Amino acid sequence: MSRKLKKRQGDETEVNLTPMLDIVFIMLIFFIVTATFVREQGIDVTSPDKDQPPDQPDIVAIVVAVDPNNNIFVEEGGQLRQVDVRSVRANVARKLAENRESPVVVQAAETSDMGVVVRVMDQAKLARDNPPVPVSIATTEG
Amino acid sequence: MRSRRTEEQGEEEDINLTPMLDIVFIMLIFFIVTATFIREPGVDVLKPDAQKDARIPGVAVLVAVTEDNEIYIDGDQVEVHEVRPEVERLRTENPKGPVVIQADEEADTGVVVQVMNQVNATGARVSVSTKED
């Protein structure tokens with residue numbers, strides 16, 4: 001295509017802008033619309049690394065056990081049976097008062113339901129706000 | 001700013017296109033660059049409820065464990081020992097993003113903890129997903 005060079009005054013764009021604008025705007029709208037922000041809420045269960053110092057002998061962990069039938073036990077010399085919800089929180093709070101730095105370990109049976117364990121962990125975390133309660137999970141056979 | 005009407009014939013654009021194109025392109029590039037595509041497991045689970053849960057920003061990898069203890073990543077079902085390589089592979093796109101485990105309420109704790117250990121071994125921050133408030 002030979003183009004005749006005409007004398008042009010000023011700058012006239014040869015590029016056809018309309019299709020390009022079309023494409024660009026559509027792409028932009030696509031990205032804006034598909035930018036849905038993933039709303040995930042959860043409990044952090046990252047287990048600490050090996051750089052965690054070994055527990056000092058006088059820090060005893062508070063153990064909350066969950067058996068295969070989703071019954072919850074808090075140790076009390078022997079083992080006490082408890083109801084879900086509020087009891088766990090109150091018990092952990094009481095034990096934390098005796099022993100400020102003890103971590104809470106949820107010893108869950110392998111076939112217990114995760115929902116129950118999450119609730120127990122949640123309740124344990126509610127027992128104290130500062131410093132936050134360190135909660136971890138351990139599994140036992142059953 | 002009055003446009004001189006004396007010599008204009010046909011239509012000349014009054015709008016200065018260059019700045020607008022600038023802005024549009026920059027916005028477009030911004031969105032393209034910040035778009036991380038999230039690999040959904042493809043399975044819905046019933047999440048337990050918790051009060052002390054917190055929003056997890058920047059999630060890129062989701063692992064789902066159904067009530068039958070099946071593990072789903074990115075739409076595929078995987079075995080427990082395959083979780084770690086899969087998660088490591090997906091994390092390469094978003095190395096700093098936390099990994100969220102969506103465990104069903106009735107999933108066995110043993111299986112979920114095994115998945116947790118596998119994901120922990122990849123070095124990611126792990127969380128268990130709970131119901132949205």
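## Exercises on a predicted two-chain model

Among the elements of chain A, strand β5 (residues 104-109) has the highest mean pLDDT (88), and strand β4 (residues 78-82) the lowest (70). Here pLDDT is the predictor's confidence in each residue, from 0 to 100. Helices (H or I, at least four residues) and strands (E, at least two) are DSSP runs, numbered from the N terminus.

The model is predicted: local features need pLDDT of at least 70, side-chain atom pairs count only at pLDDT 80 or more, and totals for chains, interfaces and linings use all residues. Residues are numbered from 1 along each chain as its sequence is written, chains are lettered from A and ligands numbered from 1 in the order in which they are written, and side-chain values use heavy atoms, without hydrogens and water.

**Exercise 1. State the confidence of each chain and of the model.**

Step 1. Chain A averages a pLDDT of 78, with 77% of its residues at 70 or above.
Step 2. Chain B averages 82, and 90% of its residues score at least 70.
Step 3. The model scores ipTM 0.70 and pTM 0.71.

**Exercise 2. Describe how α1(A) meets α1(B).**

Step 1. Take the axes, lines fitted to C-alpha atoms over the stretch in contact, with angles from 0 to 180 degrees between N-to-C directions. Those of α1 (residues 17-34) in chains A and B come within 9 Å and cross at roughly 35 degrees.
Step 2. List contacts (heavy atoms within 4.5 Å). Residues of α1(A), including Leu17(A), Val24(A) and Phe31(A), meet residues of α1(B), among them Leu17(B), Val24(B) and Phe31(B).
Step 3. Sort by class. The contact has 18 nonpolar, no polar and no charged residues. Nonpolar covers Ala, Val, Leu, Ile, Met, Phe, Trp, Tyr, Cys and Pro; Asp, Glu, Lys and Arg are charged; the others, Gly among them, are polar.

**Exercise 3. Find the salt bridges between chain A and chain B.**

Step 1. Apply the rule: a side-chain nitrogen of Lys or Arg within 4 Å of a carboxyl oxygen of Asp or Glu.
Step 2. Count. The interface holds 3 salt bridges; over all chains there are 5.
Step 3. Take Arg119(A) with Glu105(B), at 2.4 Å, N to O.
Step 4. Take Arg125(B) with Asp44(A), at 3.9 Å, N to O. Asp44(A) lies in strand β1 (residues 41-44) of chain A, and Arg125(B) in the loop between α3 (109-121) and β6 (126-130) of chain B.
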